Amino acid sequence: MTMASTWTSQGKTGTDNPSLNYYRTHGILPGRQQLAIRESHVEMRSSLFRHLGLPPGWLRGRTVLELGPGCGQNALHMFLQKPARLLLVDENEAALEAIRNLFAAHRNSNQPDCELQHGLIEAWRCPDQFELVFCESVIPWQQENPQGFLRKVASHVAPEGLLIITCMDSVSTLPDLLRRLAALLMVRPEDPLARQVTLLSGYFREHLASLQHATKQIDDWVLTNLLQPLVGTPLSMADAIATLDDNFDLYATSPHFVTDWRWYKQIHGSLSRWNELALAAFWNQAHNLLDCRQVVPPRSAALNQQLMQQTDRMAADIMKFYHSRDPALLPGLADTLDWVVSDVNGFAPLTAVALAEFARGLGQYRQHGRFPGLPVFKDLFGRSQQHLCFIQRRSHTHDTTKDAW
């Protein structure tokens, strides 16, 4: 296994990234999960790849680049499929060392090497392009300019190659954002991190326990979902499709939400309309991202766009509160949440009850300075992160000198 240093001074430095600084300062390994049974973890990742249209064995003999692999537990699945080349690039030195140790423990005698390179993704340069580029949990809420960052990531895809990214929006992450707001109200930023983790782990332990198939321990979940700094803005599936529309077609998603009943002979040239069909399906189904416990019938794009405008407003106000801790922001947040509860009640009453309980809890905090228990809201989690797989169109040749970054 090889590791080459490719750190460059182009673009911002590592010290400019609050999320990276958070992991470095506190010695946290990003993306750490419980892997008690390796076979189960590999099977889960294989299911993700099936959802994204990649059958078992597809990775064998391919060239693969992953940008931001964290501690490598998810990349292990790709490593075990024996691609011809697997290159992992990350900004965190400790994460790369964890990957080196993890892969060494699982490497077979005939396993190809994995290349590890250290560098800022937005400044990293490589003359090669890859049949698959993978970038998971790196773009939404982690970049000041997520669309520009996405274009940079996409520049490494070979013609007719695949790009897999993750998206998050303010509807899919609303339950998580509300938990983050509650966490901000419960702890003081000047408190030692260990004290914050202990307090929040005690309060939110039952929340995580209610999420079936979760693979993070409570402390790691608190560090990642509640205390890790948020940067920039979310990136919705609609944002990603629009950003890449000039050169890429959406191929598959996890979860699946696009249904195409067209006869294949209708799909050619300007009639293909892959991205147009996907955008229409997204806006008809966006409300189903709010609650992973149920799927409700589609509704109009206009209603879902209005819902996302309101949740975008809440997300922006929570970001402002994160930076300022200004209690004057709380009444506006409460009013917007009341609007969301009323809208959600029209298509998902169970979800509305949970959101209304949080709204009452926020009101009690404003009156008494303590956040109450949330026995109903604790079970509410959105489909917070979605995976999207794109195909680069055959006719497109990319000029890396014209990156939009």
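Contact, in all of these views, means heavy atoms within 4.5 Å. The structure is a predicted model, in which local features need pLDDT of at least 70 and side-chain atom pairs count only at pLDDT 80 or more, while totals for chains, interfaces and linings use all residues. Residues are numbered from 1 along each chain as its sequence is written, and side-chain values use heavy atoms, with hydrogens and water left out.

View 1. Helices (H or I, at least four residues) and strands (E, at least two) are DSSP runs, numbered from the N terminus. The C-alpha trace spans about 60 × 55 × 40 Å along its principal axes. A compact globule of 405 residues would have a radius of gyration near 22 Å, and the 21 Å of this protein agrees with that; the radius is taken over C-alpha atoms, and the globule rule is 2.2 Å times the number of residues to the power 0.38. Of the contacts with a separation of 6 or more, 75% join residues 24 or more positions apart. Buried residues make up 54% of the 405, where buried means under 20% relative accessible area, exposed over 50%, and partly exposed in between (1.4 Å probe, protein chains only).

**View 2. Helix α6 packs with helix α8 (residues 218-227) at about 95°.** The two axes lie 9 Å apart; axes are lines fitted to C-alpha atoms, for helices over the stretch in contact, and angles run from 0 to 180 degrees between N-to-C directions. The angle makes α6 roughly perpendicular to α8 (65 to 115 degrees; under 35 is roughly parallel, over 145 roughly antiparallel, and the rest oblique). From α6, look for Asp176, Arg179, Arg180 and Ala183, which meet Trp221, Thr224, Asn225, Leu226 and Leu227 of α8. By class, this contact holds 4 nonpolar, 2 polar and 3 charged residues. Ala, Val, Leu, Ile, Met, Phe, Trp, Tyr, Cys and Pro count as nonpolar, Asp, Glu, Lys and Arg as charged, and the others, Gly among them, as polar.

**View 3. Helix α6 (residues 174-186) also packs with helix α11 (residues 301-324).** Here the angle is about 25° and the axes are 10 Å apart, so α6 and α11 are roughly parallel. Their crossing is left-handed, that is, the near helix is turned anticlockwise from the far one by less than a right angle (clockwise would be right-handed). Leu174, Leu177, Leu178, Leu181, Leu184 and Leu185 of α6 meet Thr311, Met314, Ala315, Ile318, Phe321 and Tyr322 of α11. The residues of this contact are 11 nonpolar, 1 polar and no charged.

**View 4. Helix α9 (residues 237-244) sits beside helix α10 (residues 274-285), with their axes 10 Å apart.** At an angle of about 165°, α9 and α10 are therefore roughly antiparallel. In this pair, Met237, Ala238 and Ile241 of α9 meet Asn275, Ala278, Leu279, Phe282 and Trp283 of α10. The contact has 7 nonpolar residues, 1 polar and no charged. α9 is mostly covered, with 6 of its 8 residues buried: Met237, Ala238, Ala240, Ile241, Thr243 and Leu244. Their cover includes α5 (146-154), β7 (157-167), β9 (248-254), α10 and β10 (386-392).

**View 5. Leu65 lies in strand β2 (residues 63-67).** Leu65 has 0% relative accessibility and so counts as buried. Beyond residues up to four places away in sequence, Leu65 touches Leu87, Val89, Trp124, Phe130, Leu132, Val133, Phe134 and His156. The C-alpha atoms of Leu65 and Leu87 are separated by 4.8 Å, although these residues are 22 apart along the chain.
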